[in-house]
Amino acid sequence: MDQANIDALAAAPVAAQGLFIDGAWRAAQSGAVMEVTSPIDGRKLTTIADAGAEDVEAAVASARRAFDKGTWSRAAPGYRKAVLLKIAAAIEAEALSLAVLGVRDNGTEISMAIKAEPGSAAATFRYYAEALDKVYGEVAPTAETVLGMILREPVGVVGAIVPWNFPLMIGAWKIAPALAMGNSVVLKPSEVASLSLLRLVEICAECGLPEGVLNVVTGQGAVSGEALGLHSDVDVLVFTGSGGVGRKLLEYSAKSNIKRLYLELGGKSPNVVFADAPDLKQAAKVSAAGIFRNSGQVCVAGSRLLVERSIHEEFASLLAAEAKAMKVGNPLQLDTQAGAIASEMQLSKVSGFVETTLTEGGNLLAGGARILAETGGSYYAPTVFDAVTPEMTLSRDEVFGPVLAVTPFDTEEDALRMANGTEYGLAAAVWTSNLSRAHRMVRAIDAGVVHVNTYGGADNTVPLGGHRQSGNGHDKSLHALDKYVNLKTAWLQM
Ligand code: NAD
């Protein structure tokens, strides 16, 4: 990966994008399009189709036809495995171009995007390709006069609605296991970042995925997303995004066919640093990356730093120094450590949280302002607030931006109470040299993932899913396959 290649790819125009339905590109039936602007410089990149309910209808019908035809759903696992492996290799072959396209769309720094987006998407397709022919049915322990079998069958049509922060990675977390189990999929990317997923869908077709098995409808969440959520021929809906939209999806399911729903929602994840952390400087560096990379637009971001009081001042200063030293700017530059905020709407949300925290008495140690406005892009300085009490808005609500709340604690019990003191339960970290304390905290923190002496980095072998209002499903690992199968009992009288 060198800068000249990135610059050349970034200079290429992006064609107007359509919907991918029944194995072919087409415009929205209404002809409507949405403009896509790059958060790098605020300039227009291209347009995407603005799908209506009638386009969703066509996409779901296509997925259903493909499923019923059985070319994919009833194919031998070896065939599905070969196609998914081919897709993984194709993603790898054009990783840089996919990463650059995604960065132009959503502003993630390229150094992170190259690994987190095509790197992770390829690994995910490979993981589920390799897993799919190791999933067995079961024979029940019945009397000899009976044969009881438990069969795992594809569910049918899977709707997948994904956000803008890591579209390829999160899209692959849904698409790959759903396809591996034989389902058809209708994908709805975020209107803020659809481009790399549109290319992925095309790659899947080029690698031999039969037509209709994977369809994509772009456009506004409140229109095409809602239509997908309300559709009675969608059997399972998998979602990553905000709690507000998650709640709506629950209503849509209730109002339509009671489709199964798996929600991966937001977080307000605690990063707990005890005075006996093995290396405070390293802890500060990793903690800063855990909240400021991708400008804090990471669901598992460690947005609440809980620090033992005896090291509180020292550690808060280390963190503030890391924040100030962070290279923020053009995400297409290889040495940029934090790129752009994905949209102006998100940037004003971040500014709003900073204003509120100042009003509520937070002590601003670093950042606190929009930067690089002269570029036309959407950039925000990594921001650290000290003296944030558990009652303050910044301790409770997800910002989804580069804003860290620092709160001191006195005892392990205090730390635990604060760590569990929000409605969320997505991720957490504990920094300590005391193995017993690490174990106690891992058990007691109510979150889907608890890191010890690090932050982030979990791979495909382990699940990611929220507790409490952070959601109810799991992406990644073999556990994710459960979302995409129905269990069927066969009871045979001998
Ligand atoms: P969002 O909820 O605004 O949008 C997510 C998706 O839902 C988009 O595709 C959008 O078009 C669609 N949508 C919007 N309104 C809809 C409606 N009425 N019906 C159906 N679909 C609709 O979220 P976002 O701003 O794109 O992403 C940020 C959120 O995602 C944060 O809360 C973040 O924590 C969360 N997130 C969670 C995880 C996880 O694994 N738990 C991972 C990444 C992001």
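**Exercises on cysteines, burial and contacts**

The structure holds 0 disulfides, a disulfide being a pair of cysteine sulfur atoms within 2.5 Å. This is a predicted model, in which local features need pLDDT of at least 70, side-chain atom pairs count only at pLDDT 80 or more, and totals for chains, interfaces and linings use all residues. Residues are numbered from 1 along each chain as its sequence is written, and side-chain values use heavy atoms, with hydrogens and water left out.

**Exercise 1.** Determine how far the sulfur of Cys 204 is from the nearest cysteine sulfur, and state whether Cys 204 is buried or exposed.

Solution.
1. The nearest cysteine sulfur to that of Cys 204 belongs to Cys 207, 6.9 Å away, and Cys 204 is in no disulfide.
2. Cys 207 is likewise in no disulfide.
3. Buried means under 20% relative accessible area, exposed over 50%, and partly exposed in between (1.4 Å probe, protein chains only).
4. Cys 204 has a relative accessible area of 0% and is therefore buried.
5. Cys 207, at 8% relative accessibility, also counts as buried.

**Exercise 2.** Locate Ser 120 and name the residues in contact with it, leaving aside its neighbours within four places in sequence.

Solution.
1. Helices (H or I, at least four residues) and strands (E, at least two) are DSSP runs, numbered from the N terminus.
2. Ser 120 belongs to helix H5, residues 110-131.
3. With a relative accessible area of 14%, Ser 120 is buried.
4. Contact means heavy atoms within 4.5 Å.
5. Leaving aside neighbours within four places in sequence, Ser 120 is in contact with Lys 115, Met 169, Trp 173 and Asn 460.
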